[in-house]
Amino acid sequence: MTAAPIHIAGERLMLDPQGAMHWPAQRMLVVSDLHFEKASAAAGRGSLLPPFDTRETLATLAALIRKYSPRTVLALGDSFHDAKGSTRMLPPDQARLTALAQETQFLWVLGNHDPVAPDLPGESMAEHRTGPLVLRHQAQTGRVIGEISGHFHPKASIAVRGTDVCRPCFIADGYRLMLPAIGAYTGGLDVRSDAIAVHFPRGSRVFLLGERRLYSFPLGPMRPGGGQRPPSPDPILTRG
């Protein structure tokens, strides 16, 4: 898979087509919105989903760790779908996640779905600051420099051969970067929505997740309540 390089606050970051960010200078892998145990949470409310989301998401996480061999893995919040999610994990899944968290340093940023630290190896925190970057679950409004966040599960659509293709995406403007959710059962919010657009008043660049590569296109400034459709020409392949 081909990762795309971008620069935020002077730091070179690599965006992976599986939805993770790698910070080579820090040997840090950043993932967002894993939402482990979403299916079991739904089952508790009477909505039955196939109970394999945690296993699939763990497989994605393990593959990313093998690929980048990070010194640190930072999860940007909503790692579990609710505060008791870690207690509902099946023993094999819990053992696998524990093993991953013992192989490398894990930092758990707390989110709105998981405001309590999980009973797993690693350190929990409200946000994490390293060098010029601050990594937090939800983007702050107003002018920031060097913010990395998740929470909104950004997605975007492009026109391909007469039909719309909708995929999770990264969105960045040089000052901040918003990561997609990589949980197996996570949905998404369109990048043109007011909730996301307010954080990118100068416009932005979208990096759409493809099967083996990222596709990039610019997105101009948007007015509240308005919107702008991403361009339909062939997207630009970004190369690492």
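**Notebook: salt bridges, a pocket and aromatic rings**

I began with tryptophan 108, which counts as buried at 2% relative accessibility. I take buried as under 20% relative accessible area, exposed as over 50% and partly exposed as in between, with a 1.4 Å probe and protein chains only.

Basis of the entries. The model is predicted, so I note that local features need pLDDT of at least 70 and side-chain atom pairs count only at pLDDT 80 or more, while totals for chains, interfaces and linings use all residues. Residues are numbered from 1 along each chain as its sequence is written, and side-chain values use heavy atoms, with hydrogens and water left out.

Entry on aromatic rings. I paired rings of Phe, Tyr and Trp (its six-membered ring) if their centres lie within 6.5 Å; planes under 30 degrees apart count as stacked, over 60 as edge-to-face and the rest as tilted. I found 3 aromatic pairs by this rule. One of them joins phenylalanine 106 and tryptophan 108, a tilted pair with 5.2 Å centre to centre and 40° between the planes. Phenylalanine 106 is buried, at 2% relative accessibility. I also recorded one aromatic cluster, formed by Phe36, Phe80, Phe106 and Trp108.

Entry on a charge over a ring. I looked up arginine 202 and found its charged end over the ring of tyrosine 175, 4.6 Å from the ring centre. The rule asks for NZ of Lys or CZ of Arg within 6 Å of the ring centre and within 35 degrees of the ring normal.

Entry on salt bridges. I counted 7 salt bridges in the structure, each a side-chain nitrogen of Lys or Arg within 4 Å of a carboxyl oxygen of Asp or Glu. Helices (H or I, at least four residues) and strands (E, at least two) are DSSP runs, numbered from the N terminus.

I noted that lysine 67 and aspartate 16 meet through their side chains at 2.6 Å, N to O. Lysine 67 lies in helix 2 (residues 53-68) and aspartate 16 in the loop between strand 2 (11-15) and strand 3 (21-23), so this pair ties together parts 51 residues apart in sequence. Lysine 67 is partly exposed at 38% relative accessible area, whereas aspartate 16 is buried at 0%.

I next noted the salt bridge of arginine 55 and aspartate 93, at 3.8 Å, N to O. Arginine 55 lies in helix 2 and aspartate 93 in helix 4 (residues 91-103), so the pair ties together parts 38 residues apart in sequence. Arginine 55 is partly exposed at 41% relative accessibility, and aspartate 93 is buried at 6%.

Arginine 176 forms a salt bridge with glutamate 147, with 2.7 Å between the closest N and O atoms. I found both residues buried. Salt bridges that share partners join Glu127, Arg129, Arg136, Glu147 and Arg176 into one network.

Entry on the largest pocket. I recorded a volume of about 400 Å³ for the largest pocket. A pocket is an open set of points on a 1 Å grid over the protein atoms alone, where a 1.4 Å probe fits, with protein on both sides within 12 Å along at least five of seven lines; lining residues have an atom within 4 Å of a point. The lining has 21 residues, of which Pro168, Ala181, Ile182, Gly183 and Leu209 lie nearest the pocket centre. Helix 2 gives the largest share of the lining, 3 residues.

Technical notes. Grid points are joined across faces, edges and corners, and a volume is the space filled by probe spheres set on the points.
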